[in-house]
Amino acid sequence: MTNQIQAIHTRVKGRARYKVNPLYRSPSLKKHLERQLSDRSEIRQVSASALTGNLLVLFNSDQRHNQIASLIEDVVLEYEKKPQPESKPPQATSETKPAVEPSEDQPAKDWHLMDSEAVLAAWNTSKESGLSPDQAEENLNNYGTNTLAESESRSDWEILSEQFNSLPVALLGAAAGISLLTGGLADMLAIVGVIGVNAVIGYTTESQSEKIIRSLKGDRELSALVMREGTQQEINADTIVPGDILVLQGSNYVTADARLIESDNLQIDESALTGESLPVQKITKPLESQDVPLAERENMAYKGTFITAGKGLAVVVATGKFTEIGKIQQMVGETTATETPLQKQLDEVGSQLVMLGGGICTLVFGLGLLRGYGLLPMLKTSISLAVASVPEGLPTIATTTLALGIQDMREHNILIRGLDAVEALGSVQTVCLDKTGTITQNKMIVAEVHTAMGIITQSEDHFVTEDNQPVNPQDYPELLKLIQVSVLCSESEVNRTENGDYEVNGSATENALIYMAIQFGIEAIALRQEYPLVTMNPRSEGRNLMSTVHKTDESHKFVAVKGSPAEVLERCNSWMKNGEILPLSDEDKQELELENEKMAGKALRVLGVAYTTIENPDEEAETDLIWLGLTGMADPIREGVPQLMEGFHKAGINTVMITGDQSPTAYAIAKTLNLSRDQQLEILDSSDLAHFDPEKMQALFDKVDVFARISPADKLQIVQALQATGQVVAMTGDGINDTPALKAANVGVAMGSGGGEVVHEVADVVVEDDNLQTLINAVSQGRTIYNNIRKAVHFLLSTNLSEIMVTTIATAMGLGEPLNAMQLLWLNLVSDIFPGLALALEPPEPNVLESPPRDPEEPIIKESDFARIASESAAISLSAMTAYSYGLLRYGMGQKASTIIFMSLTMAQILHTLSCRSESQSIFDFKQDPLPHNPYMDGAIIGSFAIQLLPTMVPGLRTLLNLAPVDVLDCLVIGSSALVPLVVNESTKKQNFDLKLSQQEV
């Protein structure tokens, strides 16, 4: 296998995923691979992705993954030997006819490596005139509109149909069909009613969540300013075409991918696309390195990003689905959502019930025929057993419990799209946290200021000294001057709202400096009026500082300067210290440079601040400056996130931070949050990913705490690698760059206030108020729900097995049909649904967040549970058969005896609910603290007993169930046979639990 073809996932026999390097960004090779490989007899299915360069192959189990890799390599070599037509940009001529349909591909080149003139020439356009109307129309026909595909929401029909996709529901449907064929119309209607109730609960809950999430969509329609035929025109952003010249201005969105050809202090916030928290200063010169990450392509502007400052011109090089955002959206479409552990485990339980029920039904049918019973009676008895083997209450209990969990989370501003997402939250073993906008607030604040007076830091919306004393800038002249210069040397607009609050619009960095001044009580608007702006010298390429000149009096001008600390310091020859202007020595400069490095090491964006005064307006304004200090800005961590990390760690959940930021920034935040739990913090930069063998990546990713400078494809790869190790993974995010990973994760968690509809559509969970701390409550809720559903499944299996035992024993011994199909269905409805729901609503255990997550491969009912279930069922069955024997001896085979066993078995099962509350603690053990009170349990038991007594009092029901009246002696026998199994099962509980623990230890 060459370096071009690498096996990534080969664990599953007959299934492998390969990294095919030439496939990346090659739609034609994608088609060639899928077409050629699909024709091979040893391959069953092929799926290639030009966005990630990955190839998924399903093949015959007698083949090895390295044989398939060799086959892939042959197909790639065959493709490379064929001459490939070069994709060329359109050349506008008078003879060219508009295409009827858009062409499939737009030219994909490394535009960031090309000179701006070469890019203009490639598209036959110019920055002065732009495209002509004919060129624009032709490009629109050739390449299509500048629109992204709409994210498809689940329709009402899809939500409804998904309620019928579980195996228990399918088994109930089969039982209903057989009942109808054999004349059991009432049986069929009762079963269909159970299925309908389950579907209504699930549909109502999920459709409400879907509507709320849809309401988060934005309806913003964008326009763009372009150069067409030498004039600026405002057009609908959908009609932008490759070759258009975009006019970029502050406080606007970039509407297409474009190569910059002019930049005047242009800064763009690309956090939604790259995860980089700080705005990027844009340039126009070509880049040199071939493998430049998306976040470092400083001469490119990308669709969906936001211009925070400056202006510029750019030539459009990609529109619509060919933009970087469009590629991410395609990646989302190619990403497969994973099944939750509960889905898998309930399916496993259903499969086990199919095998068990089918085997026993066949056995009883055969025994009955051997005993001489008629074919039709035995067929009806077998149907009765099929009904008994299916826990009718399981779908309803699972659906209702998860629905109530969704309702509870909604009250805490967490929207859950699907029922299974609640349980999946409780199964999570690793949480991958996007930094910008999720861990942090995605806004800048001044976190630290260094002047000659020392260091001051921001703490709870006010600044304090190193000894935690509040700071008044009026007491420190150099600090006051630094604040004033920060307000004056700024392009941010400052206004007052109607209620008197400040409204600041501009770049995140400059806004942070203005808000710092406001915190200190500086009247920013009045200050600017006192020092009116004369001229501004913005940043430019190769000059990382800006200055503003202000009028003070007729003979002097005030110059405010801020920018790169090194460049500002180089222009300073004095500094302000304790209100005096003192010479700035080389030793002083070295100390200030060291302080700059320290602040940068804390992941702060550091600016140097200085000023001077000049007399002659023509005088050089940026020399002989007076140094004031350093300001360090940061994207603050969201309130409660440190406590959230601590809660995750306490619950045994691993935390991984994924960010587009540089490694030092990511490292500083990870240390603050203690992501490594006091161990050595492991950080991996995206530039290192290509150097690792794919098969070793899984083990490596499992040990990494922080991934830095990560692209959307990298995020997806990280999530899938963690899942490949068997982990249940949650992914949080708020930007379009997070969507592929959100969809692939077992639980995708989106922030409600950002990201747009694409993010909300793919997420399983939307945190509406951006308070991530609520997630730990959701984890607790998920774990409790799983434990309670496990208790309910245990209860349902043990009670249904008792019905099977009773019917099998009676048939084998020739004791007639103790229970008919309608009685079995009634018994299951009365003793299954309400008691099972009460178990599913048990209060959370006190230590639910102090134990590690469960193994997702562990079945909901473990092998060690079956012995206990069998013994409990045997106790209930033997007691019921004893009561039946009494009925046979007293009344003979018939309606009376059937009524006695029907009442005995039902009441024994209702009381068995108490035994299923705990697998270790007996209700008769008064030495331990009693189990938490569950009011639902009281209501379920009392209500179920009341419902069970109805047929004895309502003639119509008595006739439907074929019951007979009972006397006082019969009632005593029924009560005793119902109570004995509870006493027996509770008395053996501790012994069985200790045996189970010893088996697990072995």
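Visitor: Which residue is the bridge partner of Ser574 in E23?
Guide: In E23, Ser574 is partnered by Pro583. Keep in mind that this is a predicted model.

Visitor: How do E22 and E23 pair, and over how many bridges?
Guide: Strand E23 covers residues 580–583, and E22 pairs with E23 in the antiparallel sense over 4 bridges.

Visitor: What does Asn578 do in that hairpin?
Guide: Asn578 takes a positive phi near 55°. The hairpin of E22 and E23 has 2 residues between the strands.

Visitor: And E22 with E25, parallel or antiparallel?
Guide: Parallel: 3 bridges join E22 (residues 572–577) to E25 (residues 625–634). Ser574 turns up here too, with Ile626 as its bridge partner in E25.

Visitor: Let's jump to E5 and E6. How many bridges join them?
Guide: There are 6 bridges between E5 (residues 223–228) and E6 (residues 231–236), and the two strands run antiparallel.

Visitor: Which residue in the hairpin of E5 and E6 takes a positive phi?
Guide: That's Glu229, with phi near 55°. There are 2 residues between the strands in this hairpin.

Visitor: How does E5 pair with E7?
Guide: E5 and E7 (residues 245–249) pair in the antiparallel sense, over 2 bridges. Met227 has Ile245 as its bridge partner in E7.

Visitor: Now the sheet with 8 strands. What's the strand order?
Guide: The order is E12-E31-E30-E29-E13-E26-E28-E27, in an open sheet with mixed pairing.

Visitor: Which strands stand at the edges?
Guide: Those are E12 (414–416) and E27 (683–685). Each has a single partner strand, so one side of each has no neighbour in the sheet. From one strand to the next, the twist averages 20°.

Visitor: How many bridges join E13 to E26?
Guide: The count is 5, between E13 (residues 430–434) and E26 (residues 654–658), which run parallel. Cys432 sits opposite Val656 in E26.

Visitor: Which strands does H24 touch?
Guide: H24 (residues 712–724) packs on the sheet and touches E13, E26, E28 (706–708) and E29 (729–733). The direction of H24 makes about 160° with that of E29.

Visitor: On to helix pairs. At what angle do H29 and H33 pack?
Guide: About 165°, with the axes 9 Å apart; H29 spans residues 863–891 and H33 spans residues 968–987. That angle makes H29 roughly antiparallel to H33, because anything over 145 degrees counts as such.

Visitor: Is the crossing of H29 past H33 left-handed or right-handed?
Guide: Right-handed. The contact includes Ala875, Ile876 and Tyr886 of H29, along with Val973, Val980 and Pro981 of H33.

Visitor: How do the residues of that contact divide between nonpolar, polar and charged?
Guide: For H29 with H33, there are 11 nonpolar, 4 polar and 4 charged.

Visitor: What about H30 and H31, how far apart are their axes?
Guide: The axes are 10 Å apart, with H30 (residues 895–915) and H31 (residues 935–953) packing at an angle of about 175°. H30 and H31 are therefore roughly antiparallel to each other. Among the contact residues are Phe902, Met903 and Ile910 of H30, plus Ile941, Phe945 and Leu949 of H31.

Visitor: How many charged residues are in the contact of H30 with H31?
Guide: None: the contact divides into 10 nonpolar, 5 polar and no charged.

Visitor: And H27 against H30, what's the angle?
Guide: H27 (residues 774–812) and H30 pack at about 160°, with their axes 10 Å apart. That makes H27 roughly antiparallel to H30, and their crossing is right-handed.

Visitor: Which residues make the contact of H27 with H30?
Guide: Phe795, Ser798, Thr799, Ser802, Glu803 and Val806 come from H27, and Ile901, Leu905, Gln909, His912 and Thr913 from H30. They divide into 4 nonpolar, 6 polar and 1 charged.

Visitor: How many residues apart are Glu34 and Lys30?
Guide: They are 4 residues apart in H1 (residues 27–38), so about one helical turn separates them.

Methods: Residues numbered from 1 in each chain as written. Predicted model: local features only at pLDDT ≥ 70, side-chain atom pairs only at ≥ 80, totals over all residues. Heavy atoms only, no water. Pairing = 2+ DSSP bridges. Axes fitted to C-alpha atoms, helices over the stretch in contact; angles between N-to-C directions. Parallel < 35°, antiparallel > 145°, perpendicular 65-115°, else oblique. Left-handed = near helix turned anticlockwise from the far one by under 90°. Contact = heavy atoms within 4.5 Å. Nonpolar A, V, L, I, M, F, W, Y, C, P; charged D, E, K, R; others polar.
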